[in-house]
Amino acid sequence: MISIKNYLLNSKWLIAALFILLFIGYTYHNKIFSIHFVDEEDNFILGKYLLEDQKLYSDLFSHHQPMGYIISAGYQSVTQPDNIYMLIKRHREFMIAWSFLWCALLLWKFRNKIILPLITFEITKFYLLGNLFLSESLAVYPVLYLTLLLFDNEIKPKKYEYVFTGFLMGLSGLLLAPIWPFLVGYLILLFWLKKIKIKECFYLIGGGLVPVILSLPFIDIYYYFHN
């Protein structure tokens with residue numbers, strides 16, 4: 001009976017947190033054109049050219065990782081904005097949806113442990129440019145998930161979670177190069193904390209290869225390393 005009461009109490013907190021996050025998303029939607037940042041515009045423009053069969057790093061110069069451009073290209077192909085106003089609006093709306101879906105996943109997985117930090121970040125991320133379509137804004141949620149999964153002693157990852165973990169590591173690495181040292185350290189800590197065994201690495205590698213394979217049609221490998 002006590003455990004049922006605790007579950008219901010936690011569920012109430014989770015539902016309340018989701019409503020708060022929905023309200024925060026609504027406020028960001030009202031400020032959708034309040035600021036711009038050059039890297040965001042690069043994601044829009046290079047994403048558009050990717051839809052015209054141009055290759056990153058050979059036809060299109062960049063010294064950033066490719067996934068931000070690729071996600072933008074995929075989203076533009078779906079929404080097909082026909083002017084700059086709609087181009088910006090759709091991408092900012094994507095970030096609101098991206099944030100909310102990740103917050104819902106984090107709340108479902110880590111429950112009340114993450115409520116306060118998550119709401120604090122969502123309220124203040126406007127001042128960190130976290131509401132913009134930037135690789136940093138896209139990568140912060142997968143990195144947070146990975147970190148919490150690593151240090152939560154109550155969670156023993158299952159096989160599908162190793163695949164998902166590998167996918168998030170690959171996705172994060174292809175969004176943002178400065179977090180590569182984090183990913184290397186993360187892999188070391190997985191073994192150090194006995195969160196993974198050698199035989200389970202195949203699931204991790206398989207998941208990590210998914211974003212790599214998805215990005216290959218859009219990039220020139222030689223010029224990727226050159227740039």
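Is cysteine 103 buried or exposed? I looked this up before anything else. Cysteine 103 is buried, at a relative accessible area of 1%; I take buried as under 20% relative accessible area, exposed as over 50% and partly exposed as in between, with a 1.4 Å probe and protein chains only. Cysteine 201 is also buried, at 16%.

Basis of the entries. The model is predicted, so I note that local features need pLDDT of at least 70 and side-chain atom pairs count only at pLDDT 80 or more, while totals for chains, interfaces and linings use all residues. Residues are numbered from 1 along each chain as its sequence is written, and side-chain values use heavy atoms, with hydrogens and water left out.

Disulfides. I searched the whole structure and found 0 disulfides, a disulfide being a pair of cysteine sulfur atoms within 2.5 Å.

Chain. I count 10 helices and 0 strands in the protein chain; these are DSSP runs, numbered from the N terminus, with helices as H or I of at least four residues and strands as E of at least two. Of the 227 residues, 44% are buried. Residues 24 or more positions apart account for 76% of the contacts with a separation of 6 or more, contact meaning heavy atoms within 4.5 Å.

Core. The largest nonpolar core has 50 residues, and Leu56, Phe94, Trp98, Leu138 and Leu175 have the most contacts inside it. I use the term for a set of buried Ala, Val, Leu, Ile, Met, Phe, Trp, Tyr and Cys residues joined through side-chain atoms within 4.5 Å. Helix α4 gives the largest share of this core, 9 residues. I then looked up tryptophan 98: leaving aside neighbours within four places in sequence, its contacts are Ser137, Leu138, Tyr141 and Leu171.

α4 with α7. Helix α4 (residues 84-110) packs with helix α7 (residues 159-175) at about 145°, with the axes 16 Å apart. Axes are lines fitted to C-alpha atoms, for helices over the stretch in contact, and angles run from 0 to 180 degrees between N-to-C directions. On the α4 side I find Trp98, Trp102, Leu105 and Lys109; on the α7 side, Glu161, Phe164, Leu168 and Leu171.

α2 with α3. For this pair the angle is about 65° and the axes are 7 Å apart. Residues in the contact include Phe44, Leu46 and Leu50 of α2 and Tyr69, Ile70 and Ala73 of α3.
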